[in-house]
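Look over the model as a whole before turning to its parts.

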Amino acid sequence: MTRLPSDAAERKLALAPNRSFLVQAPAGSGKTELVTDRILSLLAIVEQPEQVLAITFTRKAAGEMRHRVIEKLNAGLQPKPLEDHKVASWELAQQVLQRNQEKEWHLLEYPSRLRIMTFDSLCSGLVRTMPWSSQTGGGLEISEAHRRQYHEAAFMTIREIDDLPALQEVLSHLNVDLSHLENAIVQMLETREQWQDALSDPVKTIYSMVQSFEVFVASQLQQLMDHLPLGFSSEFIPYLVQWAQSWPDLTSLKDVDINPLSADVDDLERWQAVAESLLTSTNTIRKSLNKNNGVPADAPFKKGLIDFLKNTDFSAEFLQAFVTVRSLPRKLLTDEQIRLYQSLSEVLNKALENLHQVYINEGVVDFTEVALSALNGLGSADSPADLLLALDARIQHLLVDEFQDTSQTQIDLLALLTSGWLPDDGRTVFLVGDPMQSIYRFRKAEVG
């Protein structure tokens, strides 16, 4: 196949070196081809090749991308190709080779000048550059036994139980199962980049937890309202009001005809009462009613109510939402849960301190510590460290492949690296991904 693809215009547009792009494309569509062409288009305009930074997820992918760029540059030394789909890459390579000669980059002799690397290697390089601000002391060696280090930190934490009432409370919550506690601390340390920021302000975190839960409850109630069966308001509600007069479980629904149900969180209790009226103990729609349900044989509304229950088409979405709503706690966080969270926060803070001590004692760290140290050493957008200011001047164009799998820590790093950039200042971001290929939700990758 030699003809141009149907989306050739979009591919050409994505090579504009003065604009930023988010490229979404499925597997096998030529994303790597587009990224390498984008790298060539940027190399053709920068002062130094190091001003273009491309980030991938694996060393293999980084090596393949570098090889592909060099391969295209070598092809640029050859005559113009006959295949239409190869011409654009050849023309870009010609421009880069001319720039290479003008600026005396010697890219073909020194391909390492192409800054194509993984997130881990980027963070490692940053930490080595700033041993003081990253608090690593300069030495940087990646541990091959990081899980053993987590267990060591967990054991050190548990040994402090006599002096740490919070740990005693957590252990009591786990039925004094020391093995369970140790493994739980290890599992948390493995994913500490996902939660340690939440420990800095426990009150704020608790408030956020409640807000998040409220959003979830409201979404489930809205699901119910979006899938109400025909006749729910006109037929079922009048029966429900009569039924509520004689069954204590439905007391909150006595005036539901006057105060209609809503998707507001405050209406959860009333919706749960509706669930009790509609669902059996096995979460199926009731088909019969008796005096135990507050519906005696001579109840004037009984026949109409049973006819509605038997003849109405209740959708699977409606039933699933109702089952979920029925199981939700009415009090989003109890006082006991809040105290337990505060104790957990104290225990995890102590575990983090002990893990850091393990790293100091052994002189080796894991990749998570490298990434967190890199973020710590760069400072913040409001108070940037010297290295961040230097990087701000050095990096002109940023490319990220497989963007759907970036974790929150990596997003924070990218945000810091571009925090000083301004619209139309000549610097660009190029993000490539496919939401359908996301495989890292377990490590807090957010496809959205």
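The text below moves from the overall fold to one helix and then to a single side chain.

This is a predicted model, in which local features need pLDDT of at least 70, side-chain atom pairs count only at pLDDT 80 or more, and totals for chains, interfaces and linings use all residues. Residues are numbered from 1 along each chain as its sequence is written, and side-chain values use heavy atoms, with hydrogens and water left out.

The protein has 17 helices and five strands. These are DSSP runs, numbered from the N terminus: helices are H or I, at least four residues, and strands are E, at least two. The C-alpha trace spans about 100 × 65 × 35 Å along its principal axes. Of the 448 residues, 43% are buried, meaning under 20% relative accessible area with a 1.4 Å probe, protein chains only.

Take helix H4, residues 84-103. Its 20 residues should span 28 Å at 1.5 Å a residue, and the end C-alpha atoms are 30 Å apart, which agrees. The expected span is 1.5 Å times one less than the number of residues. Among the buried residues of H4 are Trp90, Leu92, Val96 and Arg99. Their cover includes helix H2 (31-43) and helix H3 (59-75). Glutamate 104 follows H4, with a positive phi near 55°.

Now the loop between strand E4 (397-400) and helix H17 (408-417), where glutamine 404 lies. Glutamine 404 is buried, at 5% relative accessible area. Its side chain makes a polar contact (N or O atoms within 3.5 Å, one able to donate a hydrogen and the other to accept it; residues adjacent in sequence count only if both atoms are side-chain atoms) with the side chain of glutamate 402, at 2.8 Å. Another polar contact, of 3.5 Å, joins the side chains of glutamine 404 and aspartate 405.

How values were computed:
Buried < 20%, exposed > 50% of the residue type's maximum accessible area, 1.4 Å probe, protein only. Contact = heavy atoms within 4.5 Å.
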